[in-house]
Amino acid sequence: MYYSKILIPTLKDSPADAEVTSHKLMVRAGMIRQVAAGIYSILPLGLRVLRKVEQIIREEMDQIGGQEVFLPSIQPAELWAESGRWDFYGKELLRFKDRNNREFCYGPTHEEVITDIVRCNIKSYRQLPITLYQIQTKFRDEVRPRFGIMRGREFTMKDAYSFHTTEESTRETYSNMANAYSQIFERCGLSFKMVEADSGTIGGNFSHEFVVLANSGEDSIGFCDSCDYASNIEKTEAKNPPEVSEPASLEDLMEVATPQKKTIEEVTQFLRVPQKKLIKTIIFETEQGLIAGLVRGDRGINPIKLKKLVNCEWLIPASEELITKTIGLPCGYLGPVGIKLNIFADKEVSLMFNSITGANKLDTHLTGVQFSRDLNVKKVGDIRNVNEGDSCVKCDSGKLKVKKGIEVGHIFILGKKYSESMQALYLDNQGKEKPIIMGCYGIGVGRTAAAAIEQNNDEKGIIWPVSLAPFQAVILPVNFSDNTIYSAAKKIYKTLWKLGVETLLDDRSDRLGAKFKDAELLGIPMQIVVGLKNLDEGKIEIKLRKSGDSLLISFPEEIKNIPKILSNL
């Protein structure tokens, strides 16, 4: 491909709304352009990268027996009503009506459609197990789309679904899929971790995420520095605190004035006590009404863990207005003593003595709070966010680390959630009808490409892994109008394409410095510089984008070695 014949609208400056490196560089490198909030046009170079990701996915899915399908992005409301998600999914589901006033949605995921296909076409245990996958456009009406194609509203996703007669078969496919995902992300040149995860709105009871470590990630993961334990922060557990003996003297409840001291930091500094001496009380809104969650003062409440302990469908922090209106208590001075709400406490709180809490009274806190004496707690469990340095729950010596990451893949065992509600049944070898057991496996195609940029960039631009680069090599003639240089550049170009190296020939009349800047911005792994001085000596220069190393090779004899050089990058 000649540079002058392909649309590469590079920019010197990053867009004002770009927050993360991948967004900035994909726009500057002419790979994407925004059409509306969270909706992007993918331009030629960007599409070449996404197609590389897709091809790697296809090869690995086919390797484990996946069969590719292509499902409609527009889905009828009736299918979603059958699964129970039409009312439950929320505002992310884009709903509309056709000319006949029938309700549809733009699919954010395809469990209902694929389950309908299987229930209509799979009848016997002899037809199972089977794995179907697709690479398709999804739409989720995000409240705050951002980070370019990493968190857009419209995006490309690989979703696979497996169907089984037994839990053992399901686990086998799950394991095969996990191995395939590891292969995919390794081939994409990513540093990643497979972590335990929450299933969210998809459902199911067993899931893992594949997370690329990057400071720009929205997710946090906790992992052990000694063993292989790793999970999304929503599920990360620390070792339970050791049991403590009751102190010799238990203090009485006492009100203390804390004028205008609302935050944990303000209260602890004012009372000259450590933060872990306080009990933090946070009010949450659920479909069951308001509830209170308690954690130690130096901890944060984990909403996912709390939701499971409460056993509610949804849970969000209550606003100050709602708290004041509903229970009439002053925010900043909330406490669990005497509060007329169901209380759910973290295990650490149950082991505290002589604690401090809000007094449910303006400018006042309570000291001498005893868990068993003063609190009426409905349930105790693990509802805290872990802190870096907490003891690992899986091994004796390990300490937890907490890092930011980008979720690029997620796998679930769904069980019978959809097959039971949608009556996807099969006949077993006794002729009895039974619900099919399902698994679900997704990869964000654009997210994977963006994550590769987040991990591979410098102040000059992108540094693509060879497997994802839009072109593997770019030829940079010092002066394309010179016949000798022109002839040599074309010879290299034709030879490399014949050798299977995707090559871009920069045939523009721009200065060499400008060509170098664009080549570095685009992140093409190999730059081949063709100049008269080196040609006179029978040489051409090769510069490697990742390391910055350069070397001279014989021309034309050593052109044939370029594929090997690329394979070692």
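User: How many helices and strands are in the protein chain?
Analyst: The protein chain holds 17 helices and 31 strands. Bear in mind that this is a predicted model.

User: What does the C-alpha trace span along its principal axes?
Analyst: The span of the C-alpha trace is about 95 × 70 × 55 Å.

User: And what share of the residues is buried?
Analyst: Of the 569 residues in the protein chain, 51% are buried. The chain exposes about 26,300 Å², and carbon and sulfur atoms supply 47% of that area.

User: What about contacts between residues at least 6 apart in sequence: how many join residues at least 24 apart?
Analyst: In the protein chain, 69% of those contacts do.

User: Switching to charge. How many positive and negative side chains are there?
Analyst: There are 75 positive and 75 negative side chains. The centres of the two sets lie 2 Å apart.

User: Now helix packing. At what angle do α1 and α13 pack?
Analyst: Helix α1, residues 21-28, packs against helix α13, residues 445-455, at an angle of about 100°. Their axes are 8 Å apart.

User: Is that parallel or perpendicular?
Analyst: Roughly perpendicular, for α1 relative to α13. Angles of 65 to 115 degrees count that way.

User: Which residues make the contact?
Analyst: On the α1 side they are Thr21, Ser22, Leu25 and Met26. On the α13 side they are Ala450, Ile453 and Glu454.

User: Why is α13 said to be largely enclosed by the rest of the structure?
Analyst: Because 10 of the 11 residues of α13 are buried. The buried ones are Val445, Gly446, Arg447, Thr448, Ala449, Ala450, Ala451, Ala452, Ile453 and Glu454.

User: Where does Gln455 lie?
Analyst: Gln455 is in helix α13. Gln455 is partly exposed, with a relative accessible area of 24%.

User: What does Gln455 touch, leaving aside neighbours within four places in sequence?
Analyst: Gln455 is in contact with Gly189, Leu190, Ser191, Val212 and Leu213.

User: How far is Gln455 from Gly538?
Analyst: The two are 83 residues apart in sequence. In space, C-alpha to C-alpha, Gln455 and Gly538 are 37 Å apart.

User: What about the bond from Phe555 to Pro556: cis or trans?
Analyst: That bond is cis, and its omega is near 5°. Pro556 belongs to the loop between β31 (550-554) and α17 (562-567).

User: Next, backbone angles. What is the phi of Arg272?
Analyst: Arg272 has a positive phi of about 55°, although it is not a glycine. Arg272 is placed in the loop between α7 (264-271) and β14 (279-286).

User: Is Arg272 buried or exposed?
Analyst: Arg272 counts as exposed, at 78% relative accessibility.

User: And Asn360, what is its phi?
Analyst: Phi of Asn360 is near 60°, which is positive in a residue other than glycine. Asn360 is in the loop between β18 (355-358) and β19 (364-369).

User: Buried or exposed, for Asn360?
Analyst: Asn360 counts as buried, at 16% relative accessibility. Arg272, by contrast, counts as exposed.

Methods:
Residues numbered from 1 in each chain as written. Predicted model: local features only at pLDDT ≥ 70, side-chain atom pairs only at ≥ 80, totals over all residues. Heavy atoms only, no water. Helix = DSSP H or I, 4+ residues; strand = E, 2+ residues; numbered from the N terminus. Buried < 20%, exposed > 50% of the residue type's maximum accessible area, 1.4 Å probe, protein only. Contact = heavy atoms within 4.5 Å. Areas by Shrake-Rupley, 256 points an atom, 1.4 Å probe, with all protein chains shown as cover. Lys, Arg positive; Asp, Glu negative; His and termini not counted. Charge placed at Lys NZ, Arg CZ, Asp CG, Glu CD. Axes fitted to C-alpha atoms, helices over the stretch in contact; angles between N-to-C directions. Parallel < 35°, antiparallel > 145°, perpendicular 65-115°, else oblique.
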